[in-house]
Amino acid sequence: MNIKVGTRGSTLARIQSQWLIDVLAKAHPQINFEMVIIKTKGDLIQNKPLDKIGDKGLFTKELEEALLSGEIQMAIHSMKDMPSRLPEGLLLTVPTGREDPRDVLLTPHKIKSLAELPKNAVVATGSKRRIYQLQKLRPDVEIVGIRGNIDTRIRKMQEQKLDGIILAAAGLKRIGRFEDSDYQTVTLPETTFIPAPAQGILAVEIRADNELAKDLMGAICDANTLVQMKGERSFLKALDGSCHIPIGAYCEIKEETIKLYGLYGLEDGSQAVVQTIEGLPEEAEILGEKLAKMCYRELYKKPGKVYLAGGGCGDPGLLTVKAKEILQKADVVVYDALVNDVFLNDAKDEAEIIYVGKRAGNHAMPQEEINALLVRKGREGKLVLRLKGGDPYVFGRGGEEGEDLYDAGVPFEVIPGITSVIGGLAYAGIPITHRDCVSSFHVITGHLKSNAYDGSSDLDWPVLGKLKGTIVFLMGVKNLKKICEELVNNGMNPEMPAAVVYRASTPYQRVVTGNLETIYDIATAAKITAPSLIVVGEVVNKREKLRFFDEKPLFGKNIIVTRSREQSSQMVEKIAELGGNAIEFPTIRIAPINGAACDDKVKKLKEYTHIIFTSINGVEIFFDSLNRCGKDARAFGNLHITAIGEGTRKALSDRGLQADFVPDKYVGEELVSGLLPLIDKDSKILIPRSKNARVYVVEELAKVCSVDEVQTYETVREDHATVNPLEMLENKEIDYITFTSSTTVQFFVEKIGAEHIDAINTAKCISIGPQTSKKCVELGINVDIEAEKYTIQGMVDAILKDAEK
Ligand code: SAH
């Protein structure tokens, strides 16, 4: 009788098969076992890393087909090549003893353990399981990929002068190269460097209905190997393991029990866990499953959470309180093109910010990749904020993201946002419903799959043409002409009012109105592009009375704010309230200096009769010093307090101190003349202030009495990267630049570049006062307006007055 035994054609496979055929022939002398070589896909693709080929059963499929067709009766595999699930109708049997299950490091170095490998050695391996364990034991080692059969790999090690390669001991032993004078063989213990499930076990696959093959194999079965195979493979199967994930298992046979070791990691290799479980040999399969669950639970111990949130339709004030709260806590923020960039300032400094939208020529990240990214970050235990424009479920594909998170077992929540459909329209002065005219609204994608209406179009125009409610088309500007034509062709009144709203609720908002017949030409003439909303319905007429946003006095004005990041909020808020677009370009930063000297003065505060604060920073830094010295506002006692500027006065009163004197104008001369009547030769004045301040005040006052100046901070250039407004200046898109001190002027010119002074002068320059104006003139900037009152409000008033002209 003849039994055909299929095998792959590699040297190792042939040797293994011959060995097994010999064992079988010895047990069953009456039968003739014949070796049949069958090539598999894995044999044909030699140059790609295995995990990139991504095919289960890479080394087994063709053999299995031959079994099923009856061409062969047995197929021999290395057990570790077997996918965790077999095709229907086949089963695995295990012959004889297990070859050495361990991995080994082959190395040209004369060493006995992994620890002795030279520092920063280069070691080759392609398996994620080996990479992970090697990195864990030797983080310094550089790991490179490798493929090919054992001989090829050993040759590559020698040619490429690698410090080592990792292989399975079993293969080396079978081809007789375990001990070789060309290299050292360092074995890696199976309980600390966990091998692939069933490594070293030969598998014989047969048809489940072939009783003869079962009997033949049963006769040469080894009980312990069977237990190991069952335990290790049930672990693999429960985790649905493939070569894409780091996964390893080893079943240790003890006297009466077995101990299973399992390794399981994330696909990107960044994390893995090892768990163990003990039990009886007959429970091997159940133990494997239990161990898999333990690993899974341990790896995904604290899955993070993903918030699918809407960022509102443009105005940063339209972010919900809840989304903002999560934004401030999130470890990862994943955001789109329609999301306002300013939100990112609220994220934690260490938060990972990932942009997935379209940007100048670059494609957006494909949706499947975004979904996978959210799953991955969630599984890593991160708090993820997925921030989308408008509302996440309104043409935002939030549903797809949620479904994938559900499938992956990552918890998520949805934070609805103000959709452009409703919020954007409101900012354009168009109420989506109104009792006067409509009782419903319809939101439709204008991103038409088929542009030629030939009956195959994806929108049901005959129905749309009859709608009585407001219709809002998103993503439709490109198809505006077709949309209007279809509606009219399908029965809608050509005089039905229509509007197109570009970048609603942002400083760039533009609204054009007309009717179904005229709106296309009007929008085209106005060069309206995406992103825009198309609105069709009587409600468009309500805009005349209900528009509020684009009628604000500074609407459409782009205003650069050059103050320090910490100080700019007051001006930014005032500008935004008036509808202007404040572009923050901080040029300065406050750096505290001479802390010890200031502390020294604080301790001797009683010796002074007067103190002068010249700025909010001065107050803040002085109070930091008080704090350090364990003091509070009582330390001021009867000290006469002067505050320069409204902000400084307020900073003091916030801390329980009312300034005795606040000069009307915030210049040195005014201060000196105001103070002179209040001091005499016995006075003693303390001035904690900026290093960059003018000497004038100190000099003048020192003519009368003793004056101690302590320089508590300096103004340095802010070199933190922000968007450079040069391009906008060159395009004449900036209306105003505001300068609040001579240092802001100096650093602004330095940062933009003195050679671009003409571009700077395309905008109107607003200066806070004479010193600042002087600096502007010195550097070639034309001062258009100097504030009447030398305050932030004074500057904003000046802009308002100019804008109203
Ligand atoms: N989820 C978003 C819509 C995403 S689809 C929402 O709820 O608003 C993208 C389309 O939305 C754009 O093509 C445009 O038609 C519209 N859109 C979003 N924000 C907009 C805005 N500020 N101004 C005008 N249209 C906007």
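Student: Across which strands does helix α14 lie, and at what angle to β23 does α14 run?

Tutor: In this predicted model, helix α14, residues 420-427, lies across β19, β20 (470-474), β21 and β23 (532-536), and its direction makes about 85° with that of β23.

Student: What is the strand order of the open sheet with β19, β20, β21, β22 and β23?

Tutor: As a general idea, the strands of a sheet pair through backbone hydrogen bonds, either parallel or antiparallel. Here the five strands form an open sheet in the order β19-β20-β23-β21-β22, and the pairing is mixed. The edges are β19 (441-445) and β22 (510-515), each of which pairs on one side only. Between neighbouring strands of this sheet the average turn is 20°, direction ignored.

Student: How many bridges join β21 to β22, and in which sense do these strands run?

Tutor: Strand β21, residues 497-502, is joined to β22 by six bridges, and the two run antiparallel.

Student: What is the order of the open sheet of three strands, and how are its strands paired?

Tutor: This open sheet has the order β11-β12-β13, with antiparallel pairing. Its edge strands are β11 (247-253) and β13 (272-279), each pairing on one side only, and the twist averages 15° from one strand to the next. Seven bridges join β11 to β12 (residues 258-265), two strands that run antiparallel, and isoleucine 253 has isoleucine 258 of β12 as its bridge partner.

Student: Which strands of this sheet does helix α5 touch, and which does helix α9 touch?

Tutor: Helix α5, residues 128-137, packs on the sheet and touches β11, β12 and β13, with its direction at about 95° to that of β12. Helix α9, residues 223-238, also packs on the sheet, touching β11 and β12, and its direction makes about 150° with that of β11.

Student: How does the distance between the end C-alpha atoms of α12 compare with the span that its residues should cover?

Tutor: The 13 residues of α12 (367-379) should span 18 Å at 1.5 Å a residue, and the end C-alpha atoms are 18 Å apart, so the two agree. Glycine 381, which has a positive phi near 90°, follows the helix.

Student: Which residues of α12 are buried, and what covers them?

Tutor: In general, an α-helix has 3.6 residues a turn, so residues three or four places apart point the same way. In α12 the buried residues are Gln367, Ile370, Asn371, Leu373, Leu374, Val375, Lys377 and Gly378. Their cover includes strands β14 (305-310), β15 (332-335), β16 (352-355) and β17 (383-388), together with helix α13 (398-408).

Student: How many disulfides does the structure hold?

Tutor: A disulfide is read from a pair of cysteine sulfur atoms within 2.5 Å, and the structure holds zero disulfides. Cysteine 251 is in none, as the nearest cysteine sulfur, that of cysteine 221, is 14 Å away. Cysteine 251 is buried, with a relative accessible area of 0%. Cysteine 295 is likewise in no disulfide, the nearest cysteine sulfur being that of cysteine 251, 14 Å away, and at 0% relative accessibility cysteine 295 counts as buried.

Student: Where does pLDDT stay under 50, and what is the mean pLDDT of the chain?

Tutor: The mean pLDDT of the chain is 90, with 96% of its residues at 70 or more. Over residues 451-456 pLDDT stays under 50, and for this stretch the model has eight contacts beyond four places in sequence.

Conventions
Residues numbered from 1 in each chain as written. Predicted model: local features only at pLDDT ≥ 70, side-chain atom pairs only at ≥ 80, totals over all residues. Heavy atoms only, no water. pLDDT = per-residue confidence, 0-100. Contact = heavy atoms within 4.5 Å. Helix = DSSP H or I, 4+ residues; strand = E, 2+ residues; numbered from the N terminus. Expected span 1.5 Å × (residues − 1). Buried < 20%, exposed > 50% of the residue type's maximum accessible area, 1.4 Å probe, protein only. Pairing = 2+ DSSP bridges. Axes fitted to C-alpha atoms, helices over the stretch in contact; angles between N-to-C directions.
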